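The following exercises are intended for a reader who is new to this structure.

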Amino acid sequence: MKNKKPVIGITGAYVNHNHYMEGVYVHHDYHKSIAANGGIPIVLPYINENLSIESAELCDGIILSGGEDVDPQFYGQDPHPNLGATIPERDIAEMALVHYAINNNIPLLAICRGVQILNVALGGTLIQDIPAQWANPIKHTQIVERKRDTHFIRIDKDSYLYSIIGEETVRVNSLHHQAIDKLSPHLKTVATASDGMIEAVELIESNTFTIGVQWHPESMSSHNQKMNKLFNHFVENCVKKVQTPA
Ligand code: MN
């Protein structure tokens with residue numbers, strides 16, 4: 001029997017510091033949040049769809065992390081002038097991971113860009129730039145440190161997320177200029193901000209942990225018990241996967 005600690009694959013964003021330092025980057029907060037809850041974090045680089053799935057097969061759970069904007073071609077739109085950097089190769093690799101995770105009952109935690117690619121992979125669309133395309137938005141791109149909570153969300157009592165966090169109104173951080181627009185028919189909204197922005201989703205008719213959040217719980221979990229519960233629950237679900245005979 002293999003190590004009972006679950007292996008959590010975390011997708012990465014592209015960084016290019018200089019000629020010598022170019023690669024895939026995962027914020028250390030993801031690693032720390034997984035490690036603190038008994039998981040083994042590993043970085044999943046994007047090469048192509050097949051390699052993404054082959055590397056996911058080594059994992060007991062998957063986190064889709066934050067980063068670049070999703071290329072709007074994947075939901076049938078041209079780029080808005082305020083669209084940020086996009087990497088279609090990353091989008092393609094992560095959409096393959098979404099389908100792999102769902103089809104194989106692998107626990108999936110989708111964070112920030114992650115919830116957006118989850119929605120796009122399942123047929124939804126995005127708001128390409130909240131300030132330009134949404135009427136009367138609150139501030140979703142906080143200037144203060146990422147660990148600080150800056151806006152309220154309201155969690156649906158009839159949700160898995162509520163059963164984990166245990167409160168209807170919580171404060172979250174916010175580091176996104178995009179968000180879900182048209183929701184995938186396979187997802188349900190389980191938390192919203194006061195301006196109507198979708199802040200969390202779950203997969204409909206699923207027994208597997210499949211939650212997407214628009215905020216960054218990995219940067220709050222070390223000092224916020226409610227956010228740590230999300231990681232604790234996620235890792236526990238991945239442990240169950242390890243113990244199940246193949
Ligand atoms: Mn927000």
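This is a predicted model: local features need pLDDT of at least 70, side-chain atom pairs count only at pLDDT 80 or more; totals for chains, interfaces and linings use all residues.

**Exercise 1. Describe the lining of the largest pocket by residue class, then locate its centre and state its volume.**

Solution. Step 1: sort the lining residues by class, which gives six nonpolar, nine polar and four charged residues. Step 2: the volume of the largest pocket is about 250 Å³. Step 3: of the 19 lining residues, G66, G67, C112, R146 and H216 are the closest to the centre of the pocket.

**Exercise 2. Determine how many cavities of 30 Å³ or more the structure holds, and characterise the largest cavity.**

Solution. Step 1: the structure holds one cavity of 30 Å³ or more. Step 2: the volume of the largest cavity is about 40 Å³. Step 3: its lining includes T11, G12, Y46 and R90. Step 4: by class, this lining comprises five nonpolar, three polar and two charged residues. Step 5: helix 3 (residues 88–103) gives the most to the lining, with four residues.

**Exercise 3. Identify the donors of the manganese ion and explain what H176 and E199 tie together.**

Solution. Step 1: the manganese ion is coordinated at 2.3 Å by H140 through ND1, H151 through NE2, S174 through OG, H176 through NE2 and E199 through OE. Step 2: along the sequence, these donor residues follow the spacing H-x10-H-x22-S-x1-H-x22-E. Step 3: H176 belongs to the loop between strand 9 (169–172) and strand 10 (179–180), while E199 belongs to strand 12 (residues 198–203), so the pair ties together parts that are 23 residues apart in sequence. Step 4: buried means under 20% relative accessible area. H176, at 2% relative accessibility, therefore counts as buried. E199, at 1% relative accessibility, likewise counts as buried.

**Exercise 4. List the buried residues of helix 1 and describe G38.**

Solution. Step 1: in helix 1 (residues 28–36), the buried residues are D29, Y30, H31, S33 and I34. Step 2: just after helix 1, G38 adopts a positive phi of about 90°.

Note on methods
Residues are numbered from 1 along each chain as its sequence is written. Side-chain values use heavy atoms; hydrogens and water are left out. Donors are N, O and S atoms within 2.8 Å of the metal (3.2 Å for Na, K and Ca); water is not among the atoms, so sites may look incomplete. Helices (H or I, at least four residues) and strands (E, at least two) are DSSP runs, numbered from the N terminus. Buried means under 20% relative accessible area, exposed over 50%, partly exposed in between (1.4 Å probe, protein chains only). On a 1 Å grid over the protein atoms alone, a cavity is a set of points where a 1.4 Å probe fits but cannot get out, and a pocket is an open set with protein on both sides within 12 Å along at least five of seven lines; lining residues have an atom within 4 Å of a point. Grid points are joined across faces, edges and corners, and a volume is the space filled by probe spheres set on the points. Ala, Val, Leu, Ile, Met, Phe, Trp, Tyr, Cys and Pro count as nonpolar, Asp, Glu, Lys and Arg as charged, and the others, Gly among them, as polar.
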